[in-house]
Amino acid sequence: MLAVTAAASQAKKHGLGKIAVAVVLTPLLLVAVAVLAIVSDDEPAQAAGITGVTCAPASATAAGEVAGYGPDQMHNAAIIVGVGQQMTVPDRGWVVAIAAAMQESGLRNLDYGDRDSLGLFQERPSQGWGTPQQIMDPAYSARKFYEHLLGVPGWEQLSVNDAAQAVERSGFPDAYGRHEQDAREVVGAVQGVTCTGGHTNPKAQAVVQAALSQLGVPYAWGGGTAAGPSPGSGVDAGKVGFDCSGLAVYAYAQIGVTLPHNTTAIWSAFQPAVTSPADVLPGDLILLSDNGQPTGDIHHLGIYVGNGQVVQAPESGDVVKITNNVWHSPYWSSQFIGAVRPGTT
């Protein structure tokens with residue numbers, strides 16, 4: 001993939017006032033080195049990239065490229081992700097930042113651009129983003145991008161394209177979305193997460209893709225039908241969206257399987273369960289109870305994507321999203337009672 005020059009990639013203009021200069025943390029260089037060590041692992045990834053999932057394709061090797069981006073660009077990507085980790089930005093924000101940098105600079109730290117735009121994100125000194133020297137520091141420019149992203153109301157509910165545009169204010173407002181899948185693969189490589197081969201089951205793949213198609217839809221208690229989002233009730237009365245089981249109802253309806261709209265009923269209806277995390281496959285429904293036993297209150301579920309990731313509708317005020325590393329999460333691992341596999345085998 002060729003770098004996109006600043007003049008070609010934007011006719012934006014950041015009309016922002018003066019902003020405070022952030023302190024750049026020197027350990028970021030150590031973060032980048034450590035992350036790049038993961039990217040340079042010579043073991044092959046397990047499968048190609050999966051649409052909507054943050055994982056690296058098989059090309060993520062020491063000698064190869066990730067989504068067409070070479071070692072220098074991956075080094076910059078590692079810095080961007082490392083800054084996001086230090087700032088505790090949700091991992092969706094890392095994807096937004098990488099997609100923005102792909103469009104603005106091709107993940108290259110450019111010392112030129114449209115008017116006075118510079119760096120990975122083509123930030124402008126004249127618009128208060130910092131001095132030229134600061135903006136040319138990838139860690140600084142990434143931090144400024146995240147500061148502005150976090151200042152966008154409801155950014156996590158926006159598409160990757162719209163979240164990036166809210167920061168970049170480009171003259172080409174729809175330019176970022178086309179980079180989303182590549183950005184997910186790059187972030188996956190930076191994290192050392194490779195795509196599993198479990199999506200060879202077409203029914204399971206259809207379930208996962210149906211759930212992923214609803215990313216960003218609001219949580220609504222009691223919401224969700226076989227047709228899609230629906231009005232919630234109780235605290236979410238009038239809000240259109242999904243609760244956890246409603247999302248599963250919708251996803252499984254796409255393969256002709258009818259689920260009850262209740263976590264306990266789903267658990268009971270599709271026994272025997274898969275009780276070892278090692279045996280859970282993409283498309284399975286992971287169920288949780290308050291005491292980690294089937295005798296407890298079975299209160300939540302997520303649709304397993306693979307690579308320790310689930311797509312879920314978490315709680316009121318949140319949105320349908322992907323959660324990473326569930327097997328290492330105290331919440332998920334301590335409350336896991338098993339997984340069921342309705343009609344995908």
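Biologist: How many bridges pair β5 with β6, and in which sense do these strands pair?

Modeller: In this predicted model, β5 and β6 are joined by three bridges in the antiparallel sense. Within that pairing, Val311 lies opposite Ile322 of β6.

Biologist: What pairing does β5 have with β4?

Modeller: Here too the sense is antiparallel, and three bridges connect β4 and β5. Ile303 faces Val311 of β5 across this pairing. The hairpin formed by β4 and β5 has two residues between the strands, and Asn307 in that hairpin adopts a positive phi near 60°.

Biologist: Are the faces of β5 covered or uncovered?

Modeller: Both faces are covered. Gln309 and Val311 are buried on one side, and Val310 and Gln312 are buried on the other.

Biologist: What is the strand order of the sheet as a whole?

Modeller: The sheet is open and comprises five strands in the order β6-β5-β4-β3-β7, paired antiparallel. Because β6 (321-323) and β7 (336-340) each have a single partner strand, they are the edges, and one side of each lacks a neighbour in the sheet. From one strand to the next, the twist averages 35°. As for β3 (residues 285-289), five bridges join this strand to β4 (residues 298-306), again antiparallel. Leu288 has His300 in β4 as its bridge partner.

Biologist: Which helix packs on the sheet, and which strands are touched?

Modeller: Helix α9 (residues 202-212) does so, with contacts to β4, β5 (309-312) and β6. The direction of α9 makes about 110° with that of β4.

Biologist: Which residues of α9 are buried, and what do they pack against?

Modeller: An α-helix has 3.6 residues a turn, so residues three or four places apart point the same way. In α9, the buried residues are Ala204, Val207, Val208, Ala210, Ala211 and Leu212. The partners of the buried residues of α9 are α10 (244-253), β4, β5 and β6.

Conventions:
Residues are numbered from 1 along each chain as its sequence is written. This is a predicted model: local features need pLDDT of at least 70, side-chain atom pairs count only at pLDDT 80 or more; totals for chains, interfaces and linings use all residues. Side-chain values use heavy atoms; hydrogens and water are left out. Two strands pair if DSSP finds at least two bridges between them. Helices (H or I, at least four residues) and strands (E, at least two) are DSSP runs, numbered from the N terminus. Axes are lines fitted to C-alpha atoms, for helices over the stretch in contact, and angles run from 0 to 180 degrees between N-to-C directions. Contact means heavy atoms within 4.5 Å. Buried means under 20% relative accessible area, exposed over 50%, partly exposed in between (1.4 Å probe, protein chains only).
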